[in-house]
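Here is a friendly briefing on charged pairs and aromatic rings. Have a look at the structure first, then read on.

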Amino acid sequence: MEPSENPSLTRTVKLQYKDYEAGEYSSVMPRTADATVQLINTYPWDQQRDHLAIDLTNPSITIEGVDNDYLKLSPWYNGKFVLHYFDRTHHLYTRSFDHLSDATPLIRTYFASSLPDLSTFKKEITWLQSNTAHFRTVEFIYSMRLARLTSVALLALYTLFISATFTGVVIQHPPFYPILLMPLVLLFLIIRLAMVAVNHYRSAKDMVLIISRGKQEFSYGPAATPERFNKNDIKEIITYGRRAKGGFTALTRVEIRFLDGRCINISCLMIPQETLTAKFPHCSRSEVGTTFPLIIPSAAVPSG
């Protein structure tokens, strides 16, 4: 033990595993240097390294400093390990090690002095990267967002503008009878859009979804009393709705069917469709290309 080390001093230490997304951690708790070293020695590095793409969000053990800084131990190329140090000014430093035990002295020093010896680290050039997301802990809580409601309103206004433009063309050029139906078609689309928007709004209002990619359990339901589910109980994930140009998915829905016959439907007013489906990396998925799909009122009855 180094003379300056206080064996009772703790830092917040947290874990990441394969399939975790940026900001997703588990077992977040204060630990001493000894407890952290023991955790490092018992972490399943070989298992987690299998078929791994090296990145800042990887199987890892991360220590939170006292100055909004972080020290993260992760697998590295060619069977090595790496320490990432991310300081409070968002500079990233790395140092690789041939053996896991080689990183232990630096980790103990970080507990004692709150700053590693950066002279032994390489400063990374990451001007165009947002690295904070790979170190801070994020709460993956989703509810209906004003921005997504706004995108629906803008789509309705755009459709209304196109309808008015075509109506003006018809009035100015009466002989062009084939386009007489176009304003009516667009009007129908506006009405359909309004119906679906109200339907999704009612479905998503006062609801909450708590879900991350790596954890098997997730919750969905009324904000005060969401129900807990397990991804292992899922039979199939079905997405309903076509993605418009620019990736518009606010009025699509994701249906989660369970092995016991139940299902839940989640409006993408709460969470982008591609974000939600990525939370289920090992579940069977299919798509139904319905335009502006309605959400069925009963979550216990599978839709056809």
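## Charges and rings

F280 is buried, at 1% relative accessibility (buried means under 20% relative accessible area, exposed over 50%, partly exposed in between, with a 1.4 Å probe and protein chains only). This is a predicted model, in which local features need pLDDT of at least 70, side-chain atom pairs count only at pLDDT 80 or more, and totals for chains, interfaces and linings use all residues. Residues are numbered from 1 along each chain as its sequence is written, and side-chain values use heavy atoms, leaving out hydrogens and water.

**Aromatic rings**

- The whole structure has 12 aromatic pairs (rings of Phe, Tyr and Trp, the last by its six-membered ring, with centres within 6.5 Å; planes under 30 degrees apart count as stacked, over 60 as edge-to-face, the rest as tilted).
- F86 and F135 are stacked, with 4.8 Å between centres and 5° between planes.
- That pair links distant parts of the chain, with F86 in strand β5 (residues 81-86) and F135 in the loop between β7 (122-123) and β8 (141-142), 49 residues apart.
- F218 and F280 form an edge-to-face pair, because their centres lie 5.8 Å apart and their planes meet at 85°.
- Here F218 sits in strand β10 and F280 in the loop between α6 and β15, 62 residues apart (helices, H or I, of at least four residues and strands, E, of at least two are DSSP runs, numbered from the N terminus).
- F218 is buried too, at 2% relative accessibility.
- Ring pairs also join Y17, Y20, Y43, W45 and F81 into a cluster.

**Salt bridges**

- There are 12 salt bridges in the structure (a side-chain nitrogen of Lys or Arg within 4 Å of a carboxyl oxygen of Asp or Glu).
- K279 and E21 form one of them, at 2.8 Å from N to O, and their positions are 258 residues apart.
- Both partners count as buried: K279 has a relative accessible area of 1%, and E21 is at 18% relative accessibility.
- R228 and E217 form another, with their closest N and O atoms 2.2 Å apart.
- R228 lies in strand β11 (residues 227-230) and E217 in strand β10 (residues 217-222).
- R228 is exposed at 60% relative accessibility, whereas E217 is partly exposed at 42%.

**Strand pairing**

- β10 and β11 run antiparallel and are joined by 4 bridges (two strands pair if DSSP finds at least two bridges between them).
- A hairpin of 4 residues connects these two strands.
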